[in-house]
Amino acid sequence: MGMSNDNIRGLVLALSSSVFIGSSFIVKKKGLMKAGSNGIRAGSGGFSYLYEPWWWAGMITMVIGEIANFAAYAYAPAILVTPLGALSIIFSAVLAHFILNEKLHEFGVLGCILCVVGSTSIVLHAPRERDIESVKQVWQLATQPGFIVYCCVIVIAVFILIFLVVPQYGQTHMVVYIGVCSLMGSLTVMSVKALSIALKLTFSGMNQFIYFQTWLFMIIVIVFCLTQINYLNKALDTFNTAVVSPVYYVMFTTFTILASMIMFKDWDSQNASQIVTELCGFVTILSGTFLLHKTKDMGNDPKPESPAYDPKTITISTAE
C-alpha cells in the first residue's frame, strides 16, 4: 500500500496515541486500587475513584491519547488507524508487569505477538480511503440500509448486556464489560471519523458546523465515550489489566473494522488476495486473544496450602 503524506501523519499520531493510552491503563488501575482501599470499588458500583489524583492523571493521559487518535482518523482510514492500537497492548502489559506486579506468562507474551502480527497484516493490506469533501457525504454513508441495520443490532445488544447480563455476570465474566465498550466503540469511531473530517474541512476553510449532522455526531461521541469509560473502569477494577487491555483491543478493533467495512464499503476496492490476507490477520488476532484469555492465570503464583489449617490435622492432634 502506497503511503501518502496524510497516511504517514495518521500513522505517527496513531502510534503516539497507543503509547499514551497504554500508559493510561496502568495509571488508572493504580488510582482505582488506591480508591478501592478507601471506599466502594468501581467494580461494585462505587465512584470513589473520582477523588483519586492517580485516576485523574490516567484520565488526562487517556484524553491526550484519544486526541491524537482523533486527529489520526482525519488523515488515515479507520482500518489503518484502529489496528495500530496493538502497541498499547505491549506497552500496557509491560508496565503492568513491572508496576502492578501483574505477571504476564510466556504464553501471554506469545498472544501479544500474535495480536501484533495480525494487526500488521491488516495494516499492510488496508484499502485506500475514499475522498470525502463534506460531512453530509459521511451522513449519506451512515444512513445506508446496511449500516442502519448494523446500528440497530449494536444498540439492542448493548441494552441487553447492560440491563440483563451485567447484573448477573459482570463480576465473573470479563467479556461482558468489555463487550459493552467494544460494541459502542465501533459506533463511536464512526462518529469520531465523521467529526474529525468535519474539523479538518473546517480548518481548511469549509465550515462544516453549519450542518446539523456535525453536531449530531458530536453528541454521539460524547455520550458513547462517557458510557465506555464507566464500563472500562469496571473491567479494569475487576480483572487483570494485562488481559483486559488486549481483549478489549481485539474486540474493539474487530467491531470497528466491521462497522467501517459496512459503512464505507472498503472491500469494494480490493481484490480477493487482499481480502483473504486481511481475514488471515483477523484470525491471527483472535488466536492471540484466545491464548491470552486461556493462560491469564498461569503467571500468578498459587497460594501454598498450610497443613496447620487442615481440619483433619487439628482433630488428630486434639485426639492425641
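**Exercise 1. Describe the lining of the largest pocket by residue class, then say which elements supply it.**

Step 1. In this predicted model, the lining of the largest pocket has 24 nonpolar, 13 polar and one charged residues.

Step 2. The space in this pocket is about 930 Å³. Its lining is made of 38 residues, and those closest to the pocket centre are Ile21, Met62, Glu66, Asn69 and Cys225.

Step 3. Two or more lining residues come from each of helix H1 (5-36), helix H2 (53-75), H8, helix H9 (212-238) and helix H10 (241-264). H2 gives the most, with nine residues.

**Exercise 2. State whether Ser196 is buried or exposed, and list its contacts beyond four places in sequence.**

Step 1. Locate the residue: Ser196 belongs to helix H8, which covers residues 174-203.

Step 2. Apply the cut-off: a residue counts as buried when its relative accessible area is under 20%. Ser196 has 1%, so Ser196 is buried.

Step 3. List the partners. With neighbours within four places in sequence set aside, Ser196 is in contact with Phe70, Tyr73 and Ala74.

**Exercise 3. Classify Phe255 by its accessible area and find what Phe255 touches.**

Step 1. Phe255 lies in helix H10.

Step 2. The class between buried (under 20%) and exposed (over 50%) is partly exposed. Phe255 has a relative accessible area of 24%, so Phe255 is partly exposed.

Step 3. Not counting residues up to four places away in sequence, Phe255 touches Tyr150, Ser182, Leu183 and Ser186.

Step 4. Take one of these partners, Ser182. Phe255 and Ser182 are 73 residues apart along the chain, while their C-alpha atoms are separated by 6.8 Å.

**Exercise 4. Compare the span of helix H5 with the expected value, and name its buried residues.**

Step 1. H5 runs over residues 106-124, which is 19 residues.

Step 2. From first C-alpha to last, H5 reaches 27 Å, close to the 27 Å expected at 1.5 Å a residue.

Step 3. The buried residues of H5 are Gly108, Gly111, Cys112, Cys115, Gly118, Ser119, Ser121, Ile122 and Val123.

Step 4. To read the spacing in such a list, recall that an α-helix has 3.6 residues a turn, so residues three or four places apart point the same way.

Methods
Residues numbered from 1 in each chain as written. Predicted model: local features only at pLDDT ≥ 70, side-chain atom pairs only at ≥ 80, totals over all residues. Heavy atoms only, no water. Helix = DSSP H or I, 4+ residues; strand = E, 2+ residues; numbered from the N terminus. Expected span 1.5 Å × (residues − 1). Buried < 20%, exposed > 50% of the residue type's maximum accessible area, 1.4 Å probe, protein only. Contact = heavy atoms within 4.5 Å. 1 Å grid on protein atoms, 1.4 Å probe; cavity = no way out; pocket = protein on both sides within 12 Å on 5 of 7 lines; lining within 4 Å. Points joined across faces, edges and corners; volume = space filled by probe spheres on them. Nonpolar A, V, L, I, M, F, W, Y, C, P; charged D, E, K, R; others polar.
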